Amino acid sequence: MLRFLPTQMPRITFLGRVNYREPWCHFHRVSPVYILYYILSGEMYLREGEVDYVLHPGEYLLLEPGLEVYGTKAASCDYYYVHFEHFQFEQVDLSLEEIRARVQEIRQRSLNEKLLPEADYAQAECFLEKYTAVEDPAVHMRVYSLLEEAVQHTRRRTENHRCIGSVKLLESLMELSRSQADRILQQNSSCTAEMAEKIQQVVQYLHSEYPNKIGSQEIEARFAVNFDYLNRVFRQITGSTIFHYLAVVRLNQAKEFLATTTMRSAEIAACTGIGDEYYFSKFFKKMTGMSPRQYRSRYLPERGIRLP
């Protein structure tokens with residue numbers, strides 16, 4: 001498993017798409033940088049160091065610097081390639097259970113935003129398999145779209161095209177990492193593929209419907225699953241119960257309103273589904289250790305701004 005810091009922007013040297021319609025065998029090379037191959041159709045037969053790979057559509061391989069690479073068999077192949085530098089890629093010797101714990105911790109940190117945004121940047125990290133299949137069609141389409149857009153900018157030599165490509169590559173790697181994190185968490189829960197999809201639907205529902213009344217009966221009726229069972233699996237995958245997750249979603253939206261608007265507490269309470277002004281103040285202090293007014297003063301301390 002590879003670990004990388006998403007706060008470090010990759011630096012692209014070469015980027016493109018090649019479609020070998022006739023059988024082709026990869027040439028010999030020892031690259032000084034990382035190379036990502038993302039296969040669209042056909043096959044690619046490679047040996048890196050002492051390991052043989054056969055790449056199929058929907059699979060990717062991340063070649064590492066300094067290792068001998070050459071083709072072992074000719075085949076037609078349509079694929080993206082990206083040569084890039086990244087100074088915060090590293091192999092990690094962690095068990096699946098250790099990675100699962102780290103992934104769940106990362107997700108909890110992301111949900112429970114810190115008062116100071118730089119804390120989230122400082123603790124950001126992603127895990128990525130060196131070689132695997134992209135099983136989720138939606139993820140495959142997103143990565144395909146990102147890489148294709150990067151290639152088009154490169155071909156047209158759009159101003160700052162390397163920077164655009166670097167952003168698209170980083171987003172692609174993060175998309176792949178997030179998809180693999182989902183799979184790791186599901187593997188260690190009593191969760192079928194159908195149930196995993198339902199958990200994702202519940203997450204989307206909480207993020208879109210948080211201003212409204214949401215109770216166990218509403219959730220049970222909407223998703224046609226026993227609430228206690230759904231809540232148990234939800235916690236195994238996300239690390240939070242459904243209602244704790246909902247509370248944090250509402251809290252984060254309230255923080256944003258406090259930091260970026262002059263809305264009164266009663267208005268924020270109504271817009272976030274937290275309740276009346278009194279309960280909102282009590283809820284906010286319990287969750288953050290400070291009153292809404294104290295929180296707002298960190299972002300809107302200027303004279304003349306009335307702090308509700």
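## Contact between two helices

Two residues are in contact when heavy atoms of theirs lie within 4.5 Å. In this predicted model, such contacts join helix α5 and helix α7: Met195, Ile199, Val202, Val203 and Leu206 of α5 meet Tyr229, Leu230, Val233, Phe234 and Ile237 of α7. The residues of this contact comprise 10 nonpolar, no polar and no charged.

Helix α5 covers residues 193–209 and helix α7 covers residues 227–238. Their axes are 10 Å apart and the packing angle is about 90 degrees. Angles of 65 to 115 degrees count as roughly perpendicular, and α5 and α7 are therefore roughly perpendicular to each other.

## Aromatic pairs

A pair of aromatic rings is described by the distance of the centres and the angle of the planes. Searching the whole structure gives 18 aromatic pairs. One of them is formed by Tyr205 and Phe223, with 5.5 Å centre to centre and 80 degrees between the planes, and is edge-to-face. Tyr205 belongs to helix α5 and Phe223 to helix α6 (residues 216–223), so the pair ties together parts that are 18 residues apart in sequence. Both Tyr205 and Phe223 are buried.

Tyr295 and Tyr299 form a tilted pair, because their ring centres are 5.3 Å apart and their planes are at 40 degrees. Tyr295 has 5% relative accessibility and so counts as buried. Tyr299 has 31% relative accessibility and so counts as partly exposed.

## An aromatic cluster

Tyr20, Trp24, Tyr37, Tyr79 and Tyr81 together make up one aromatic cluster.

Notes: Residues are numbered from 1 along each chain as its sequence is written. This is a predicted model: local features need pLDDT of at least 70, side-chain atom pairs count only at pLDDT 80 or more; totals for chains, interfaces and linings use all residues. Side-chain values use heavy atoms; hydrogens and water are left out. Axes are lines fitted to C-alpha atoms, for helices over the stretch in contact, and angles run from 0 to 180 degrees between N-to-C directions. Helices (H or I, at least four residues) and strands (E, at least two) are DSSP runs, numbered from the N terminus. Angles under 35 degrees count as roughly parallel, over 145 as roughly antiparallel, 65 to 115 as roughly perpendicular and the rest as oblique. Ala, Val, Leu, Ile, Met, Phe, Trp, Tyr, Cys and Pro count as nonpolar, Asp, Glu, Lys and Arg as charged, and the others, Gly among them, as polar. Rings of Phe, Tyr and Trp (its six-membered ring) pair if their centres lie within 6.5 Å; planes under 30 degrees apart count as stacked, over 60 as edge-to-face and the rest as tilted. Buried means under 20% relative accessible area, exposed over 50%, partly exposed in between (1.4 Å probe, protein chains only).
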